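Here is a short report on one protein model. Keep the structure in view while reading.

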Amino acid sequence: MHSPTRPDADQGLPHPRPPRTEPDGELDAELQSVIAGARRRALRGGDGQLDTAHLLHSLLESDPAVRAVFDDGARVARLLGLLVQRSIGYGLRWQGRVEDSGAVPVVRERSAREGAGWSPSALSAMELARSRAHEGGRESADGIDVLAALAADADCRAVEILRRSGVDPQTLIERIDGGFGEPLTG
């Protein structure tokens with residue numbers, strides 16, 4: 001007699017793939033290193049989840065291609081300065097709150113069972129980065145894909161920091177999509 005609750009066990013069918021618990025499975029090694037840095041930053045800051053500001057901070061620190069998108073070192077320095085202030089004042093209002101811009105409701109529903117330790121907005125950005133890579137014919141996302149995905153979520157923490165530094169997120173996306181041709185203004 002076979003079990004009505006697990007017919008695949010008795011029929012020799014493959015078991016369904018377990019749900020992914022990390023959003024970084026299809027990323028290149030360099031981007032996985034960026035994510036590891038963001039994860040360390042979140043832990044050091046006592047944050048319950050890795051959020052989009054952690055991702056932006058780690059991208060700016062470790063990815064030269066991401067820094068090149070911003071035209072000059074002064075803009076990168078301003079962004080990093082704002083990101084550092086997160087732990088000493090600027091981002092204190094974020095402590096104890098889950099970052100969820102609501103940009104992708106599916107991610108919000110899924111985040112309880114997948115991606116534990118990631119904010120819903122950060123999960124959404126990683127999904128969009130993977131989509132951008134696949135649309136570009138690449139198997140894995142890179143830092144530029146993640147930067148564009150972060151900028152696409154108008155209500156995430158990374159975009160708040162971009163705006164405070166004088167970077168318009170839409171202009172940033174256009175610059176990335178245009179191969180960095182037009183300079184950033186602001």
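## Overall fold

This is a predicted model. The protein holds ten helices and zero strands. Read from the N terminus, its elements run α-α-α-α-α-α-α-α-α-α.

Of the 186 residues in the protein, 42% are buried. Among contacts with a separation of 6 or more, 60% join residues 24 or more positions apart. The accessible surface totals about 9600 Å². Carbon and sulfur atoms account for 52% of that surface.

## Helix 3: a mostly covered helix

Helix 3 spans residues 52-62. It is mostly covered, with nine of its eleven residues buried. The buried residues are Thr52, Ala53, His54, Leu55, Leu56, His57, Ser58, Leu59 and Leu60.

A side-chain contact marks the start of helix 3. There, a side-chain oxygen of Asp51 comes to within 3.0 Å of the backbone nitrogen of Ala53.

## Helix 3 against helix 9

Two packed helices are described by the angle between their axes and the distance between the axes. For helix 3 and helix 9, the angle is about 55° and the axes lie 6 Å apart. The two helices are therefore oblique to each other. Thr52, Ala53 and Leu56 of helix 3 meet Arg157, Ala158, Ile161 and Leu162 of helix 9.

Thr52 deserves a separate look. This residue sits in helix 3. Its relative accessibility is 1%, so Thr52 counts as buried, the cut-off being under 20%. The Thr52 side chain also reaches the backbone nitrogen of Ala158, at 3.0 Å. Ala158 is itself among the buried residues of helix 9.

## Helix 9 and its surroundings

In helix 9, the buried residues are Arg157, Ala158, Val159, Ile161 and Leu162. They pack against helix 3, helix 5, helix 8 and helix 10 (169-177). After helix 9 comes Gly166. The phi of Gly166 is positive, near 95°.

## Helix 8 and its partners

Helix 8 packs with helix 7 at an angle of about 125°. Their axes are 8 Å apart. Helix 7 and helix 8 are therefore oblique to each other, and their crossing is right-handed. From helix 7, the contact uses Ala125, Met126, Leu128, Ala129, Arg132 and Ala133. From helix 8, it uses Asp145, Val146, Ala148, Ala149, Leu150 and Ala152.

How does the packing with helix 10 run, and at what angle? Helix 8 and helix 10 pack at about 150°, with axes 8 Å apart. That angle makes helix 8 roughly antiparallel to helix 10, since angles over 145 degrees fall in that class. Helix 8 passes helix 10 in a left-handed crossing. The contact involves Ile144, Leu147, Ala148, Ala151 and Ala152 of helix 8. Helix 10 supplies Pro169, Leu172, Ile173 and Ile176.

Definitions and conventions: Residues are numbered from 1 along each chain as its sequence is written. This is a predicted model: local features need pLDDT of at least 70, side-chain atom pairs count only at pLDDT 80 or more; totals for chains, interfaces and linings use all residues. Side-chain values use heavy atoms; hydrogens and water are left out. Buried means under 20% relative accessible area, exposed over 50%, partly exposed in between (1.4 Å probe, protein chains only). Helices (H or I, at least four residues) and strands (E, at least two) are DSSP runs, numbered from the N terminus. A polar contact is a pair of N or O atoms within 3.5 Å; within protein, one must be able to donate a hydrogen and the other to accept it, and residues adjacent in sequence count only if both atoms are side-chain atoms. Contact means heavy atoms within 4.5 Å. Accessible areas come from the Shrake-Rupley method with a 1.4 Å probe; for residues, only the protein chains shown count as cover. Axes are lines fitted to C-alpha atoms, for helices over the stretch in contact, and angles run from 0 to 180 degrees between N-to-C directions. Angles under 35 degrees count as roughly parallel, over 145 as roughly antiparallel, 65 to 115 as roughly perpendicular and the rest as oblique. A crossing is left-handed if the near helix is turned anticlockwise from the far one by less than a right angle, and right-handed if clockwise.
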